[in-house]
Amino acid sequence: MKGTSRAIRLLIFLVVITQAVPVLAQGNGFSVSPLVKRGDPTPGGGRFFDCNDCSGRIYGAHALNNSGSLVFWAETTGDACIQGLFIVSSSTSKLLAPGCVDPSSTAYNGGNYANLNDSGQAAFHGSRSIAGGIILYSQDQLTPIATTGDPTPVGTIFKGCGFSDPVVNNRGEIAFGACSDDDNGRFADGIFLYSSSILRPVVLDGDPSPIGGFFVLNFFPALDGFINDKGDVLFQSGVILDSNVKEKYGLFLATSDGIKKVVVDGDPLPNETIVFPGSLGIGDINDKSEVVFTVLLQGKADTGIFLKSGETIHKIMAQGDPTPIGGTFSTLNDPDLIDRYLFARPRLNHNGAVLFKAKVDGARIGLFLASSNALLKVATTGDQLSSGETIRLIDSFALNDHGQVAFFAYGKKDRRKPLGVFLAKPREPQITKIKLKGKQDVLELRVNGAAMITNDTVIEINGVPLGRLDYPADFREDGGTTRQVTSRDTQLEQRLPVGQSVQVTVYNPLTNQRSAPKSFVR
């Protein structure tokens, strides 16, 4: 372990940007309903987003769990405290931590950033008696994990650049970035892990890098660490290869087998581009140790989102690509898409689905769920609410493993107050008609229905998927769905014996939704 002197760098990605019970009338891919509306009661007797300039935001990248509970920050009216962190589901709401506790008191003060696991545990920024840090909420108890002034496990003291967003997995482990020193010139900035009540470093500034040289982690604010249920930790870092070589920047994965490179600047990518030299990507990880990341590009596009699965990198989208609502994707390097630093961080669930926010033709902003094969609209500006409101702005968002999406939306009236937090649920595909045709001495099975996804939906016979699928252009719908999927699988003759009933289903891998079976007899 090698400590380097601290010259904390601002986390800049080459380009500095300044930030400037209704149901949605959606397309066929998702049904959308409010989780929290403006004016809904808070646990303290107030109302959400109902004061002048009241706002709210989902700050955590893993803020929506698989039970449909969401942790978010909100300003309210009517309470003694007018802001705080809340955990809300379709049936309950809870104040996790208020945001206006007297700093001299012993009560906890909730910050903005929080993430949630499936057990209802939350890790968030908080403070108590002035000192701020990482707090764990579990079974109605708040426990400080690491706060400014605490000793680190390597003999230094947490201080300097604060703490990154803490991420908690389903084992209750928490990963986060932080700075520390010992007041004698020894610095230990890095990524830390809290597990089984023990705090340990994952990687520290000066540790050896898998691409040679050593890691540089002395950034301000602290770099993020994202943990999956296997305990793998994804982190950003600079790398000094040699005193005569320009510093590299990239994403790395700490595993039980050591630290591995995900991607670094200058690496080639599938769409005839390279990662822009000197830029640092932003990403997410799932339990398969797949990594999704957004980067600046050099070549055919200026920005893009990619998924690394094993040793293969797949393109999810890039600037200039066609979208499922028409037009093409604009640059992701846009002030309307800003997240904490530059890009809106893409989200990745354990099914391998990627959620991202993007602008279309420089104007319309949308949320899209995607794989390397398919793109599906979740919601876009211009979508109508049954209340008559039109979405003017889509702000922060979150994704769970069921393909459900939570997002903040603003309308044209009361432009500075959110309409609320909405939950989009993927629709189950339906089969309405099945037909077998003989075409040029080749059998073709045609399945008509609803909520099937272009370039994604699979036809199954008795649970076995068919190959040679097609999604006829005449049946494709705005938003990425289709009303017909066909198959010319060479095994159709055997799969469909004459006079025998079979069960046909359609399955959407992107949303992990399967239709009810429908009987068919040839």
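Residues are numbered from 1 along each chain as its sequence is written, and side-chain values use heavy atoms, with hydrogens and water left out. Because the model is predicted, local features need pLDDT of at least 70 and side-chain atom pairs count only at pLDDT 80 or more, while totals for chains, interfaces and linings use all residues.

## Two loop residues

Strands here are DSSP runs of E with at least two residues, numbered from the N terminus. Glu173 sits in the loop between β13 (167-168) and β14 (174-181). Gln121 sits in the loop between β8 (108-116) and β9 (122-128).

Buried means under 20% relative accessible area, exposed means over 50%, and partly exposed lies in between (1.4 Å probe, protein chains only). Glu173 is buried, at 9%. Gln121 also counts as buried, at 16%.

Each side chain has polar contacts, listed below. A polar contact is a pair of N or O atoms within 3.5 Å. Within protein, one atom must be able to donate a hydrogen and the other to accept it, and residues adjacent in sequence count only if both atoms are side-chain atoms.

| Side chain | Partner side chain | Distance |
|---|---|---|
| Glu173 | Asn169 | 2.8 Å |
| Glu173 | Ser195 | 2.8 Å |
| Gln121 | Asn117 | 2.8 Å |
| Gln121 | Ser138 | 3.0 Å |

Contact means heavy atoms within 4.5 Å. Leaving aside neighbours within four places in sequence, Glu173 is in contact with Val167, Val168, Leu193, Tyr194, Ser195, Ile227 and Gly231. With the same exclusion, Gln121 is in contact with Asn115, Leu116, Leu136, Tyr137, Ser138, Val168 and Gly172.

## Leu419

Leu419 belongs to strand β35 (residues 418-426). Leu419 is buried, with a relative accessible area of 9%. Leu419 and Arg38 are 381 residues apart in sequence, yet their C-alpha atoms are 5.5 Å apart in space. Not counting residues up to four places away in sequence, Leu419 touches Val36, Lys37, Arg38, Leu385, Glu389, Ala409, Tyr410 and Gly411.

## The largest cavity

Rolling a probe the size of a water molecule over the atoms shows where empty space is left. A cavity is a set of points, on a 1 Å grid over the protein atoms alone, where a 1.4 Å probe fits but cannot get out. Lining residues have an atom within 4 Å of a point. Grid points are joined across faces, edges and corners, and a volume is the space filled by probe spheres set on the points.

The largest cavity holds about 290 Å³. Its lining has 23 residues, of which His62, Leu64, Leu116, His350 and Asp401 lie nearest the centre. The lining divides into 7 nonpolar, 10 polar and 6 charged residues. In this count Ala, Val, Leu, Ile, Met, Phe, Trp, Tyr, Cys and Pro are nonpolar, Asp, Glu, Lys and Arg are charged, and the others, Gly among them, are polar. β25 (282-285) and β29 (347-348) each supply at least two lining residues.

## Two open sheets

Strands of a sheet pair through backbone hydrogen bonds, either parallel or antiparallel. Two strands count as paired if DSSP finds at least two bridges between them.

β29 also belongs to an open sheet of 4 strands, ordered β29-β30-β31-β32 with antiparallel pairing. β29 and β32 (375-380) stand at the edges with a single partner strand each, so one side of each has no neighbour in the sheet. β29 joins β30 (residues 354-360) through 2 bridges. Leu348 stands opposite Val354 of β30.

Another open sheet of 4 strands runs β36-β37-β41-β40, again antiparallel. Its edge strands, β36 (430-439) and β40 (469-470), each pair on one side only. β36 and β37 (residues 442-453) share 9 bridges. Lys439 stands opposite Val442 of β37.

## Strand β42

Strand β42 (residues 501-508) is mostly covered, with 6 of its 8 residues buried. β42 pairs in the antiparallel sense with β38 (residues 458-461) over 4 bridges, with β44 (residues 518-521) over 4 bridges, and with β43 (residues 513-514) over 2 bridges.

Tyr507 is the bridge partner of Val458 and of Arg514 in β43. Val502 has Phe520 in β44 as its bridge partner. The hairpin of β42 and β43 has 4 residues between the strands, and Asn512 there takes a positive phi near 60°.

Key. 1 Å grid on protein atoms, 1.4 Å probe; cavity = no way out; pocket = protein on both sides within 12 Å on 5 of 7 lines; lining within 4 Å.
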